[in-house]
Amino acid sequence: MSEPKPTYRHDYRPPAYRVRHTELRFDLEPGATRVRARLHVERHPERQAGEPLVLDGEQLLLTSIAIDGQALAEAEYALSDTGLTVLRPPERFLLDTEVEISPRENTALEGLYLSNGMYCTQCEAEGFRRITYYPDRPDVMATFSTTVVGDKATLPVLLSNGNPVERGELPDGRHFVTWDDPFPKPSYLFALVAGDLQKVEDRFTTMSGRDVTLQIWVEKANLGKTDHAMASLKRAMQWDEQTYGREYDLDLFMIVAVDDFNMGAMENKGLNIFNTAAVLTHPHTATDATFQRVEGIVAHEYFHNWSGNRVTCRDWFQLSLKEGFTVFRDQCFSADVNSAPVKRIEDVAFFRTAQFAEDAGPTAHPVRPDHYIEIGNFYTLTIYEKGAEVVRMLCNLVGWEAFRRGSDLYFERFDGQAVTIEDFVDCMAEASGLDLSQFMLWYSQAGTPEIDAHGEYDYANAEYRLTLRQRTPATPDQPEKLALHIPIRMGLVGTKSGRDLALTLDGKPLDRDGVIHLREAEQTFVFTDVPEAPVPSLLRGFSAPVQLRFPYGREDLAFLLANDSDGFNRWDAGQRLAMLALDDLIAAHRNGVEKVMDPRVVEAFRALLERGSKDKAVMAEMLTLPSEAYIAEQQPLVDVEAIHAARTFVEQSLAAALSDDFLRLYEENRSDIPYAPTPEQIGQRSLKNVALSYLMAIEDEQAVALAHQQFEADHNMTDVRHALTLLVHSSRDDLADPALRAFGEKWAHEPLVMDQWFAIQVTRPQTDALERVRYLMGHPAFSLKNPNRVRALVGTFANQNRINFHRTDGEGYRLLTDVVIELNRLNPEIAARLVTPLTRWQRFDEPRQELMKGELERIRAEKLSPNVYEVIEKALA
Ligand code: ARG
Ligand code: ZN
């Protein structure tokens, strides 16, 4: 087999031909769907006459082709595995093709496929080429008219983008609906859905007074689980009007929920398609985290209507143009409608764990990559989350008013176009008058910048000198890095007053936001008129996606934890303090020395518990120790056992020393009021459940009884799931096994709850976890064809059960490899994602490195999809 070839950003050329209008007709049959396409094509005005027309197409059976009604002779076109070329097309013409495809055979879940008897599509990034021959690239934008034909009894509902304009009956029990989408769009935003679906409907009046019909389409059994998504959608629509002045443009907005979906959701114009896991909720089946995730994803996809659809990407290298901006928008939305500090803490905790790991590994890439083999591999934390951090920095740099003006300019200037990241940043530069040229490096340099900071207080001169040194480590094909423009929000907290001191830099007061700008490899900032010795509070709110080191002492951190005016940095001080203790304990474990808990950490936690907090969700975050994955990220070489032992030891020590406080916290935050996913209730539940986790860390009779009661009380899924997890992760199988059985029987008919049931079991720290994974893979409810199931069982095990996945006998690696090899054939996109933990082999000890590499080699010996090929080659490079 020939090796898949990379695509390079610098090779971009505008298309030789444009498609003005696209007419499609689908005759739906599971094994042989006929797709007729009529493309209204014209030559690009800047390109020469006579160039061939290149259309993408994969796994299509061409049954006819004609230009302006004349069938083409075989010599007039060329067919290959990847497309069709019309050799000498005229200037302007109609191209008619007819192909046959098989949705039933489609296990990759790209293009048109069947999920639970329902037809649906996923076209981003390059799925449309599995539907028909087409210039399947985002810079070809056309209006679409789509006729869907299907059996009326089994497929009563036929949907596509835009507005329904015609429907009717056909012979043989078939019917059709024609949809018109007046907004020019690239093929990746095309969607079709057909099935036996039911809808929930609502309305929204836009700011200019237009009435929009909102519909959520689900299978009948899920009709009771759409309220939260609908309410979230309306909040998002209103937020985008108020915050960005963006109004919805069609008369109809539809969401469809499907069981089998590779990602969370997709922003197809007027017809968003969602993974059921990202849209359905009910207090009895979904946890608080799911309620919040649904709200965020519904908003994300809705926001794409402007940042993505009306203005889209010129090519896939610009993916972060729409994703980074849209994630930033959905983060701000969630912060506004919930607890803003908690949203930031959660996002950063996740980012510093998962994105930092990606940026330090063999698949590291810039926010705007220079090349790829398979674009499906680039829907990453770097493109999405780091991209959002970069947009957040831009917003903070230019200030909200200028950012909003820049955003208005961007939407106005580029409406209906496919553009680049420069186009976006230029609008921000134009609106603010700032020079953002150095800032652009954030888009081109991969790797997490490391900042080493140190400070000195000069009593005699009342000066504080802060020196910052930045360095970005080498990443694959980027050995040298330049200095970035890094905005650092900071304060100096007076050790006597416990207050932020006024900051004077270069004789001038520092701006109100307290931001200093690091632009050189090394820079010293001298603050004058500093009346008392301060502790610096750096990178407030995580003002840049960097790793910042400062030689804080434990007293400094306890001081910041108690006094920092920045809520985010108060939390971070607690995390840093815990990390210092964890580092000592990891070393103790390695050296076989007895572990001793640092009393200063205990006292800091005690003080925290005594002080309390208005925001319970923030308090819950403050009490949560860094995860094993985050701790691992902070170590030069990952010692799986030592990290697990050290973290468990800290948890148990805190639980033992503060059990009365945790018990009080638990009792104080119990509540019988009916469930609602309000920020207040969610905060209260989080705090109560964090307390219960600590109590269960020492597993005394009382704690076990509380957990068991909480499970039995069956008040809402958040509490039930948490209690069940604690029982299953405890030594009390006598209680856990019956609870698991009852839960599994009760929810056997609810796939999304069964996903939780799988996940809870495979995260248990006991040594039988891996055997349980293998056993559960044989469970009748498990299927490799359902991505949610694969993620719940195999993904959760490999990513969240570190102690068992990294077993020294290599069984965890073998298990994952077996699954990846099977999925490579069935669903390459999921396979390439699932293999990620193995690609991080360099972070582990020699014997594990060998085992992991051995498994990667075993994958490499297979006939690989481009997706898996690309990841494996990078991992073994
Ligand atoms: N644009 C979608 C979203 O972020 C994700 C699509 C992902 N597609 C893929 N093939 N990976 O909302
Ligand atoms: Zn998106």
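**Reading the features**

Mentor: Let us begin with one pair of residues: Val493 stands opposite Val535 in strand E32. This is a predicted model, in which local features need pLDDT of at least 70, side-chain atom pairs count only at pLDDT 80 or more, and totals for chains, interfaces and linings use all residues. Residues are numbered from 1 along each chain as its sequence is written, while chains are lettered from A and ligands numbered from 1 in the order in which they are written.

Trainee: Which strand does E32 run antiparallel to, and how many bridges join the two?

Mentor: Labels first: helices (H or I, at least four residues) and strands (E, at least two) are DSSP runs, numbered from the N terminus. Two strands pair if DSSP finds at least two bridges between them. Here E32 is joined by five bridges to strand E27, residues 486–494, and the two run antiparallel.

Trainee: In what order do the strands of this sheet lie?

Mentor: The sheet is open and has three strands, in the order E30-E27-E32, with antiparallel pairing. E30 (515–518) and E32 (534–538) each have a single partner strand and stand at the edges, so one side of each lacks a neighbour in the sheet. On average, neighbouring strands of this sheet are turned by 35° against each other, direction ignored.

Trainee: How should I read a pair of helices?

Mentor: Two packed helices are described by the distance between their axes and the angle between them. Axes are lines fitted to C-alpha atoms, for helices over the stretch in contact, and angles run from 0 to 180 degrees between N-to-C directions. In this model, the axes of helix H1 (residues 227–244) and helix H2 (residues 288–303) come within 9 Å and cross at roughly 45°. That makes H1 oblique to H2; angles under 35 degrees count as roughly parallel, over 145 as roughly antiparallel, 65 to 115 as roughly perpendicular and the rest as oblique.

Trainee: Which residues make the contact between H1 and H2?

Mentor: Two residues are in contact if their C-beta atoms, placed from the backbone, lie within 7 Å. Among those making the contact are Leu233 and Met237 of H1, and Val298 and Tyr302 of H2.

Trainee: Is helix H16 largely enclosed or open?

Mentor: A residue is buried if 20 or more other C-beta atoms lie within 10 Å of its own, exposed if 12 or fewer, and partly exposed in between, with C-beta atoms placed from the backbone. Of the 20 residues of H16, 16 are buried, so this helix is largely enclosed by the rest of the structure. One residue of H16 is Val690, which counts as buried with 23 C-beta neighbours inside 10 Å. Leaving aside its neighbours within four places in sequence, Val690 is in contact with Ala620, Leu623 and Thr624.
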